[in-house]
Amino acid sequence: MMNNKLEEDLSHMEDKHEYIQIKSPLEDTVIGMVHALTQKEVDTAIQLAKEAFRSWRDVPLNERAEILYKAANVLLEHMDEFTVLLMKEVGKDRKSANSEITRTADFIRFTADTAKSIHGESIQGDNFSGFNKEKFAVVTREPIGVVLAISPFNYPINLATSKIAPALIAGNTVIFKPATTGSLCGIKLVEIFKEAGLPEGVLNIVTGRGNEIGDYIVTHPDINFINFTGSTEVGLNISKKAHMVPLLMELGGKDAAIVLKDADLVFAAKNIIAGAFSYSGQRCTAVKRILVVNEVADLLISHLKEEIQKLQTGNPLEKQVDVVPLINTKAADYVWELIEDAKAKGARLIYGGKREGNLIYPTLFDYVTTEMRVAWEEPFGPVLPILRVNSVDEAIELANQSEYGLQSSVFTENLSDAFHVASKLEVGTVQINNKTERGPDHFPFLGVKKSGIGTQGIRYSIEAMTRIKATVINLSH
Ligand code: NAP
Ligand code: G3P
């Protein structure tokens, strides 16, 4: 349906398709072209997925698992190509690109292992008053049908696979809409599954801009499940339009690192800086604000300053860096607006605050107040606000005032204080003495409030993309 080799694409420019140029965020160069699919082509892809579902659902689980194990191996065989592509297409540094691929191969294998251990159950009727043993239910898990997987730009391999692999192992077929910047990686990923033996029609990629084909796909009557990762804005739009279609959504976040007075401040500072600035903070789980109690704020800030200075900034094609140019100018302009707003409203700039094109230097602000946009908005970029608080209760209150509820960190040496704070936080996950982060990928991963719907994580994702079926046996008949 499409290909990812620039030369081949260019040679097809005479055909009737429209193409989208994929530009590298690192250099202003076109690194590939993808088709902007028409509605008719989207229909064809969904039709193929619908037809393939009839046979794929009946392929024995161990055969589906074999294909996944093979896909994990094939992916690793293509490590070098994927690394370079991830670096060029979404601006990852080499280390992060490598780890995304290894993690994805592990994810695929673990998915196959997990599915094999998910069994149905039988329920005796006599557990309920008035019924006897002659009635019991055999409860099995059934695939749902055609799953629409929509992924964001920031982990084009991992976040695509975290939808595709659990959907496939459960017997669903997939329509995969990658982020436009990230779709060269998406196309290659689909080739990996095909090379591993996935039958025709089981996994179908549809490329094109979300704001052009998105509404058409999400409202298509033959889509049976939508698994989306991306911004809260787009997620909300999808949830308003999807009629009676189950949704699984991973959306934005404003993860707080709460630092209590007895925290190991050197350790907390190291963790927070790594959590906030790796891949320039373009991670849903990046630390996006610090709430620190006044007693230790100055000391924490001096350690944060020491750590932030160690970050390497620049073009990952030239050297190993932590902070890379942002994905596009719109993203960089947005982060810059937040920086300007904080400065104008009196935040104290501790470090950074510099920009060269789309490269924004790691930026740390102290004395951020609740009037400043950076206190509440998700920058998806390398700016970290510090809000000083008078008490643990104030930290909890500020943390919970956010519209988001993905994760939070609590740094303290006192486990019972940690549990107290954790129990009050309105988030999917609390990390005690660690930066906010998703892995390991078999843990549950979810957001509350505007951070998502439903639970991901290997077993949870398989369960979400299957439905229960009860067959009731009546022996007395
Ligand atoms: P985005 O702009 O929301 O895009 C996400 C995906 O949605 C892309 O594939 C995009 O396609 C597609 N899309 C856009 N408009 C659409 C529409 N009307 N209907 C259907 N699909 C549409 O997000 P992003 O910039 O790629 O990623 C950054 C955001 O994702 C951040 O807010 C971040 O917090 C969030 N995120 C959350 C998690 C999590 O696990 N909670 C993980 C990663 C990222 P196009 O690229 O063609 O526009
Ligand atoms: O933003 C992507 C999300 O999956 C984060 O993963 O491992 O960077 O915390 P991680």
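**Ligand 1**

I started with Lys177, where a polar side-chain atom lies 3.0 Å from an oxygen atom of ligand 1. I count a polar contact as a pair of N or O atoms within 3.5 Å; within protein, one must be able to donate a hydrogen and the other to accept it, and residues adjacent in sequence count only if both atoms are side-chain atoms.

Before going on, I noted that this is a predicted model, with local features needing pLDDT of at least 70, side-chain atom pairs counting only at pLDDT 80 or more, and totals for chains, interfaces and linings using all residues. Residues are numbered from 1 along each chain as its sequence is written, chains are lettered from A and ligands numbered from 1 in the order written, and side-chain values use heavy atoms, leaving out hydrogens and water.

Next I looked at Ser231, which has a side-chain N or O atom 2.6 Å from an oxygen atom of ligand 1. The protein covers 86% of the 910 Å² of accessible area that ligand 1 has on its own (Shrake-Rupley method, 1.4 Å probe).

How many residues surround ligand 1? I found 31, with Ser151, Thr180, Ser231, Leu251 and Glu378 among the closest (near means a heavy atom within 4 Å). They split into 13 nonpolar, twelve polar and six charged; Gly goes with the polar ones here.

Which element gives the most to this shell? That is helix 8, with four residues (helices are DSSP runs of H or I, at least four residues, numbered from the N terminus). I also checked the domains: domain 1 (4-251 + 452-471) and domain 2 (256-443) each supply at least three residues of the shell, with bounds from an automatic or database assignment.

**Ligand 2**

Around ligand 2 I listed nine names: Arg103, Asn154, Tyr155, Leu159, Arg283, Cys284, Thr285, Glu437 and Arg438. Polar side-chain atoms of two of them approach its oxygens, Arg103 at 2.7 Å and Thr285 at 2.5 Å. Arg438 uses a polar backbone atom instead, 2.8 Å from an oxygen atom of ligand 2. Taken alone, ligand 2 exposes 310 Å², and the protein buries 95% of that.

**Cysteines**

How values were computed: Helix = DSSP H or I, 4+ residues; strand = E, 2+ residues; numbered from the N terminus.
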